[in-house]
Amino acid sequence: MAARTTPLKAYKDDWNNIIECASEQPEVTVEFRGKNNTLKIAQDAKLQNSKITFLLNRATCVIGQRTSFSAVISLGEDTYISIGEKTTVTSRVYIESFEGAKIIIGRDCMFSTGNVIRAGDAHPIYDVLTEKRVNKSRDIIIGDHVWLAYHAVVLAGARIGSGSIIGFGSIVKAKIPNNVVAVGSKIRIIKQNIAWERPHLNLNPTLNSPGSKIICPEYWNNTVMYEETAFVKLLLAIYANILRLFAKDKYYRMFKSDHRNFFEKTKHPANLLFLRFLNKFGPL
C-alpha cells in the first residue's frame, strides 16, 4: 500500500482517509499510510511548517479553534490526538502516539521550543526472563493552561494538572498536580499555588508593577495534591461531619458532591487551611 500525501485541505480518498477543514493551508503536509484515518481542523486554526502522518489505520487527530501551531505529528494504529483551542507554540513541537494510546492537550496551553510529547517508544523492550513487554504505550493527559518551557519532554503515562508550568529541559512521565512549577530530569515540584499569564514581560512592562491585572482568573487556583488514601478518606469524612454540624447546609452538600473543587469554590480560610493539611498527608 503506497503512501498518499496531500497539502492540508478538504480531502477523502478510496481508503476512507478523511480531512475536514475549511480552507487549504499549503505549509502543512498530511500523509496517509493506512486506512480509515480522520483529521479534523477547526475553521480558524492556524498551522505553519507542519507535517501530520497517519502511519497505520483508524487514527484520529483533532485540532481546536484559534490554535497557532507548528508540529510534526505521528499517529499509530487506533490512536487519538486532540489539541485544545487557543493552544500555541513558539517553535515546532513533536507529538507521537503509539498502539491505541491517546494524547489529550487542553485549551490555552503554551508550548515553547523543542518540546516532545510521546505516548510510547518506537521499539519494543522485553524482560528476558518472562518475555513480556516492559514499555507499553500509555495515554498522556495535559490539562488546560499548561506551560511547557524550552525543551521540556512529556512521556507515556504523564498527567499534568491545569495551570502548571514544566521547567526548562524537564522530563515528565508521572502525575503532576494543578498550579505548580515542576522541574528536572527526575521531575520534582518546587512551588505550589502558582498561576501564570500569557503576556510577554519584554512587550508588556506594566506587568512588573504592583497590582498588575489578572488576565485569566479562572486559572488562579490553589494546588490540590492529595490522593485518596484510606487515611485521607478518613480525614475527608471527619471534615464532612464538621461542616454538617457547624457550617451552612449548602457547604456540606457542595463538599459531598465534589470535594476537590469545594476548596476553590468557597475559598474560605478554614477550608484552604484544611486543603494544605491534606496535601501534606496524601501527596501525589
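Is cysteine 21 buried or exposed, and at what relative accessibility? I looked this up first in what is a predicted model, and I noted that cysteine 21 counts as buried because its relative accessibility is 15%, with the cut-off for buried lying under 20%.

I then turned to cysteine 216, which also counts as buried, since its relative accessibility is 17%. With these cysteines in mind I searched the whole structure for disulfides, and the search returned 0.

Next entry, on the sheet. I traced an open sheet of 8 strands with mixed pairing, and I wrote down its order as β1-β4-β7-β10-β13-β16-β19-β22. The edges are taken by β1 (4-8) and β22 (171-172), each of which has a single partner strand, so one side of each is left without a neighbour in the sheet.

For phenylalanine 32 I looked up the bridge partner, and in β7 it is phenylalanine 54.

Last entry, on the surface. I found a nonpolar patch there, formed by Phe231, Leu234, Ile238 and Ile242, which together have about 350 Å² of accessible area. Of these residues I checked leucine 234 individually: I placed it in helix α1 (residues 230-246), and I recorded it as partly exposed because its relative accessibility is 47%, a value that falls between the 20% and 50% cut-offs.

Methods: Residues numbered from 1 in each chain as written. Predicted model: local features only at pLDDT ≥ 70, side-chain atom pairs only at ≥ 80, totals over all residues. Heavy atoms only, no water. Disulfide = S-S within 2.5 Å. Buried < 20%, exposed > 50% of the residue type's maximum accessible area, 1.4 Å probe, protein only. Patch = residues over 30% accessible without salt bridge, like charges linked within 9 Å, V, L, I, M, F, W, Y side chains within 5 Å. Areas by Shrake-Rupley, 256 points an atom, 1.4 Å probe, with all protein chains shown as cover. Salt bridge = Lys/Arg side-chain N within 4 Å of Asp/Glu carboxyl O. Helix = DSSP H or I, 4+ residues; strand = E, 2+ residues; numbered from the N terminus. Pairing = 2+ DSSP bridges.
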